[in-house]
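Please examine the sequence and the structure before reading each solution.

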Amino acid sequence: MALVLLAAPLLTGLIRKVKARLQARRGASVLQPYRDLRRLLGKEVVLAENASWLFRTVPYLIFAFTWVAASLVPTFAAGLLFSWTGDLIAIIALLGAARFLLALAGMDVGTSFGGIGASREVMFASLAEPAMLMVILSLALIAGSTQLSTIAQFMLSPAAGLRVSLALALVAFVIVAIAENARIPVDNPATHLELTMVHEAMVLEYSGRHLAMIELAASLKLLLMISAIACIFFPFGLVIGAAEAGHYLVGLGAYGLKLAVAGTMLGIFEMSIAKMRVFRVPNLLGGALMLGLLATLLLFVSVGL
Amino acid sequence: MIVAVLICIFGLLGLGIAGVGLALRPLGRTVVYAAAAGLCGVIGLLALIGLGRAPSTILLPLGLPWVGAHLRLDALSSFFAFVVGVGGAGASVYALGYGRHEQAPQRVLPFYPVFLAGLFLVLLADDAFSFLFAWELMSLSSWALVVSHHREGDNVRAGYIYLLMAAFSGLMLLLGFGLLAGATGDYAFETMRAAHPSAGVAAFVLGLALLGAGSKAGLVPLHAWLPLAHPAAPSHVSALMSGVMTKVAVYAFVRIVFDLLGLPSWWSAVVVLALGGITAVLGVLYALMQHDLKRLLAYHTVENIGIIFIGLGLAMAFRANGFAIGAALALTAALFHVFNHAVFKSLLFFGAGAVLSATGERDMEHLGGLIHRMRISSFAFLIGCAAISALPPLNGFVSEWLTFQAILLRPGLPQWGLKIMIPSDGALLALAAALAAACFVKAYGVTYLGRPRTAAASNAGEVDKWSLSAMIGFAALCLLAGIFPGVMIDALAPVSQALLGARMPAQLALPWLSIIPVEASRSSYNGLLIFSFLAASTLLTVWAIHRFASRAVQRGPAWDCGFPDPSPATQYTADSFAQPIRRVFGTVVFRTHETVVMPPPGDVAPARIEKSSRDLIWETFYEPVARAVTATADTLNQLQFLTIRRYLAFVFLALVALLLALALWQ
Amino acid sequence: MGFSFDVAHMLAGLMVLAGLMMLYQDRLYPLLHVLALQAGLLAFSVAWQAHLQAAPHLYITAVIALLFKAAFIPWALRRMVFRLGIHREIEPVVGIGPTMLAGMGLVALSLEVMLPVTAQADPVARQDIALALSIVLIGLLLMVSRRNAVSQVVGFLAIDNGISLAATGAQGMPLVVEISVAFSILVAFIVIGVFLFRIRERFDTVDVAALHRFRGEQP
């Protein structure tokens, strides 16, 4: 649990550094997010006059939900102590609960920007969740379980084989992950223009330690999605069951490498594509849903034969 | 056991008669509601005890002399009686406080206990005659409650449509029972269970059961009466109608299809799955377009009925393929959702009633900022919203998780129709769940959060303690059912054992109180541990922040990017919140169209945006029927204005025709 | 299932995916690129079949597919679009969402119909035939749901891709038949190209709705 908490800002810093380099800037150091968090924690909170108790408690709750979800995803070792308490559906539902609370907080102060962010966010979520479920269905059909450690174990075994449905499921998962984490082309995490914001519009009124918790929760969510993709589709180096210290070190190194590669690729991808119009995003997410459906149908063919 | 329950039911009927006299005195009202709450609570408890026992029957010498009234309390009836008991008790406790605002108590009080009695009697009936008698009693007493505020708005029309649909459902069920009774004409359920109808007759009976029970439950396209009638009734009755009466309709469907019909065929499961999926998505899309709070909740009931029917369809599919454990999982998921929906929908209607009595407004666009004025009821409403959006660790998540596990369970079914329908239903269920979360962010955000949009909203006050205690009680039930789901699953085991011959693995013996649908290697969920982790993380974070970070807070005007607008009219309204979803889904489903009228530059007239949408189901199914009936009635009306000679000619022709028929017969 | 099945399944599945991507496209040049991709996948699939069935004449079929269908025809179409100055955005009759759903429904339908029918055959052949039918149906849907004449040609060529996949999957189409089919496609293609030029010269447009009006059948 502590590992994901420490690694998340580093991942965010790496992505920003990659994007800066591609823009021919030097960019801030990869440790800058830690400094940002420390600075925000020390500042005083400025609350709107009509902000309610919900507005003040939501950052803590969002952080708790995201942290618990992130702890359920295997990072460098499967078979975590309490990994059986929640499967992939529970993880997605915990992230959905965090999003529900954030949308409510956006509506709380009664400004139009909060409403913009909340209404767009729930529209994206309504299309991303069925696509995610189709991916989970394909994985459950292949691996026989929705528990992440079991899926990882299955993928490591030779029974997995080369399957086109896995490739389609991977593409669909990546599209959903981009939508859920508010990255380009769905939403711009670094925009200063209010009318292009979705996630930023909901947190517009937050400041100080509240904002620090929400930013950390967002970094944690990105780390969670990347860890899930790595654990399901690229489980090399994952330690299964009990092993010696050497294996754990190898697992940690493999995990760090996967995070670095994923972060770099995400940065390059964000730099090479423009943000989509809001009403073109349903086409993209609909495409992810179709990919998931196609993966399931193709699986019915190959499993049923 | 059944005798005790019957005594309570007769008590309720007696309360109804007493209510005629007691209605005009405030103490009388309290007595009636308190006694109703007590009786419902007792029945609920008796039902809970009766779940584990063998079925008990009784034959009363009432009704038709050669049939009598067979009554039976078995596992399925006990579970639904428990749900009705909990719902009824909660609504009665709520009504102790809410009923003080009732303008015409003599129109509500006599019918309320009779409605409750009708609900219980449907569950106990063991032959077609007493079933239909109780069904009609339930429909008529609820109709009387729907038109109790007959001078307000459109309530009379709502009651009229409700009465038509109730008569339709009764007719369909009557025909279904007639087919089941067959040539022997024996209407007792025992004989129907033993007889095995042919495949054609079984298909007809299933169709009639879907039409009859489905129209009462709210399956698309027979749902049109629901969003008209449920909001028209007083709030505690709306809670009962949405939360409990629709479940009794689900009971009717389960009883006919799973108990009386025997083994279903796989394509009937496809039909039920398709109807369930379409109902779920259409219900929540309709709900998203509403800005009347109670109508939004009523459309949402349609969505949850769809989810329950998806579970029932899965149970039928697995049963048709002999996969009993999967059928037990799907049936348990559906029945768990029955209980959950009764609890959180009642809670939400109580909240809507609290808002209505505090502000006099039902329209969300005239509310706002109520979280500051109505602290406790807004917290309970929030729990209800979170529960209905299937957020962990509350109970809505557990029943949807179980339904998803049933969908993911076994793709190796041989029929291709099922192979394609089940994943499609999974996608539709996920879409409905995500849209439900969107719908309730809108409902809570526009009603309770933000700034007050009218004077009524800024002058609201908290409601009385009876209403609050009912709401808090149900909110606590939502949390408990989410944290200890194994209790409910084990309680449902006798039901699935009796109907399907199989049950889910025993849950309460598992370590840490997890639930495991099929086997541990497949998936598991632990509500208690997730809740504890969430609580621990929150407390740890709060402690760490308050220890190491700054604790200063300063109040100021809202930032709003530097353009704060003092007018609350610049906030998002319910319609504007739903606009992205309306653009994505509404253009296809409702043919929504937005026209913008922009005045030319220099003109001081305001720009206008108008949105139009059509209810395609009403236009396709209901209006043609209404037009045809009116046309036929107009034509037949000519018979009223004939001369005496024409009437005599009718009599003469009828006599001649009968004599001719007699001659030809011989 | 072995590795050979997995590769054949992957290639056929990617061809279906390419067909669905054709339904998603709303601009002409990417549509032609996806057509080239589908034909390229067809070539690989036929080559894999040649390897599995140990039938060397199928390698020639694969080379024909690669040269003609994946390279020459998309290039020729691209030149035609450029020279005719055809409006480069394609308007679908219904929206993109319902069209994609219809495409998925067609895939499900062809699986539902073909898999039970071929129950006796070898698994690679079964999945090739079922997925080939879905490619044919998606090509037909493309022809029906677009207003632009060039996209109708593309749909027709997608149908041909599907038929080739089915024929090679069924283990036994002689080389002569394949070459004659390819030549007849080429001839049809040349005729269509000539007519498109003539229509464009005469009426200044290749929008089929306009052409219908010019025929005098509609007021």
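Two strands pair if DSSP finds at least two bridges between them; strands (E, at least two residues) and helices (H or I, at least four) are DSSP runs, numbered from the N terminus. This is a predicted model, in which local features need pLDDT of at least 70, side-chain atom pairs count only at pLDDT 80 or more, and totals for chains, interfaces and linings use all residues. Residues are numbered from 1 along each chain as its sequence is written, while chains are lettered from A and ligands numbered from 1 in the order in which they are written.

**Exercise 1.** Determine how strands β4 and β5 of chain B pair.

Solution. Step one: five bridges join β4(B), residues 593-597, to β5(B), and the two strands run antiparallel. Step two: Lys611(B) in β5(B) is the residue opposite Glu594(B).

**Exercise 2.** Identify the strand of chain B to which β1 of chain A is joined.

Solution. Step one: β1(A), residues 45-48, is joined by four bridges to β3(B), and these strands run parallel. Step two: Val45(A) has Val553(B) as its bridge partner.

**Exercise 3.** Describe the contact between chains A and B.

Solution. Step one: chain A contributes 72 residues and chain B contributes 70 residues (contact: C-beta atoms, placed from the backbone, within 7 Å). Step two: on the side of chain B that touches chain A, α18(B) gives the most, with 14 residues.

**Exercise 4.** State the domains of chain B.

Solution. Step one: an automatic or database assignment gives domain 1 (2-530), domain 2 (584-614) and domain 3 (622-665). Step two: the centres of domains 2 and 3 of chain B, taken over C-alpha atoms, are 51 Å apart.

Key: Contact = placed C-beta atoms within 7 Å.
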